[in-house]
Amino acid sequence: MPLTVLMAAGPANNDRYGPPIRRALNAAGIDARLVDTAPPDAVDYIVYAPNSPLQDFTPYTGTKAVLNLWAGVERIVGNATLTQPLCRMVDPGLTEGMVEWVVGHTMRHHLNIDRYTVAPDRTWNHDCPPLARDRKVAMLGMGALGEAAARALQALRFRVEGWSRSPKSLTGLVCHYGSEGLRAALSGADFVVTLLPRTAETENTLNSETIGWMKPGAVVMNPGRGALIDDAALLAALDAGHLAHATLDVFRIEPLPADHPFWAHPRITVTPHIAADTRPETAAEVIAENIRRGEAGEPLLNLVDRARGY
Ligand code: NAP
């Protein structure tokens, strides 16, 4: 009997991700019906996004896993009705996008590209920017995305130091961890990238105290989640000239309200949550692989730890 895989990601996502998931299931030789509606007790797997009408998982008594289409799970992890295993998305296509965003925006600030293109001052000042090897990058969050971005920057010879919750030993990378490691990661960094999940612990990781630990003239780039940064502390540090710039992709309220001070601030660049999208073709293969694993009794990929919140 074919498996029943319920697309519960909202109509637009069902349309975008459904066809490649169907192709990936076929390619993996998985006999499955991909449906938009089904009796809850007949559903084997749910492909999910938190804007779905499906918010009560209680009737899905036979469901073996809920497969989130997005990397971040803060809008589903606290759902008390969800007792089934929850997997988040780790998609090679999404990771590539994030690496490109982080490298692109780091290079913009590293090479001071705005000075020559956006606001040229037409002076013949022959000061070359330093080399990447002379710049330190603090990568806050060394998970699937943070490590990939750190490795790409390291390949360009930036001095990358990572920060995570648990200790890590990664060849060629200095890794700090825990609350006491944050200061070491931030100290002396020219560029600070926040790629942490949103949890109770990571809220306001960058606040007036921790921003104060940063080197004067440092640049913050946040493609993680808006709540990682205390907005008022960030604005104060930019206005005081302690921070040179902030490039922000994610916000506490999205879309960023039209009257929000971030839009007009001369030292803030807003990108509209476009750092990295879940790419249908590559993500579909991850979904199919997890269903294959579920049926083969193998451990699921990218299982969320509910207690940790990510
Ligand atoms: P991940 O693999 O779960 O990695 C999370 C990292 O954060 C891990 O290194 C983890 O430490 C660290 N961390 C968690 N809590 C911490 C704490 N309290 N103190 C210090 N470090 C902590 O997640 P990911 O796939 O890299 O994604 C990261 C985030 O990027 C997502 O949660 C999402 O919010 C965001 N994102 C944004 C976009 C966008 O378009 N802007 C797209 C995709 C994802 P351990 O290694 O010790 O567990």
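In this predicted model, an N or O atom in the side chain of Arg-225 lies 3.3 Å from an oxygen atom of the ligand. This pair is a polar contact, that is, a pair of N or O atoms within 3.5 Å. Within protein, one atom of such a pair must be able to donate a hydrogen and the other to accept it, and residues adjacent in sequence count only if both atoms are side-chain atoms. The side chain of Arg-88 also takes part, with an N or O atom 2.7 Å from a ligand oxygen. Ala-144 uses its backbone instead: an N or O atom there is 2.9 Å from an oxygen atom of the ligand. Taken alone, the ligand exposes 940 Å², and the protein buries 93% of that area (Shrake-Rupley method, 1.4 Å probe; for residues, only the protein chains shown count as cover). Residues are numbered from 1 along each chain as its sequence is written. Local features need pLDDT of at least 70, side-chain atom pairs count only at pLDDT 80 or more, totals for chains, interfaces and linings use all residues, and side-chain values use heavy atoms, with hydrogens and water left out.

The shell around the ligand holds 31 residues. Arg-88, Ser-166, Lys-168, Pro-223 and Tyr-310 come nearest. Helices (H or I, at least four residues) and strands (E, at least two) are DSSP runs, numbered from the N terminus. Helix α4 gives the most, with three residues. By class, the shell has 15 nonpolar, nine polar and seven charged residues. Here Ala, Val, Leu, Ile, Met, Phe, Trp, Tyr, Cys and Pro count as nonpolar, Asp, Glu, Lys and Arg as charged, and the others, Gly among them, as polar. Domain 1 (3-91 + 278-296) and domain 2 (92-270) each supply at least three shell residues. These bounds come from an automatic or database domain assignment.

Two strands pair if DSSP finds at least two bridges between them. Strand β6 (residues 136-140) runs parallel to β7, joined by five bridges. Leu-140 stands opposite Trp-163 in β7.

A further open sheet contains five strands, ordered β2-β1-β3-β4-β5, and its pairing is parallel. Its edges are β2 (32-35) and β5 (86-87), each with a single partner strand, so one side of each is left without a neighbour in the sheet. Four bridges link the parallel strands β3 (residues 45-48) and β4 (residues 65-68). Tyr-48 stands opposite Asn-68 in β4.

Two loops show backbone features. The peptide bond from Glu-254 to Pro-255 is cis, with omega near -5°. Pro-255 lies in the loop between β11 (243-248) and α8 (261-264). Arg-122 has a positive phi of about 55°, although it is not a glycine. Arg-122 sits in the loop between α3 (113-117) and β6.

Conventions. A residue is near a molecule or strand if one of its heavy atoms lies within 4 Å of it.
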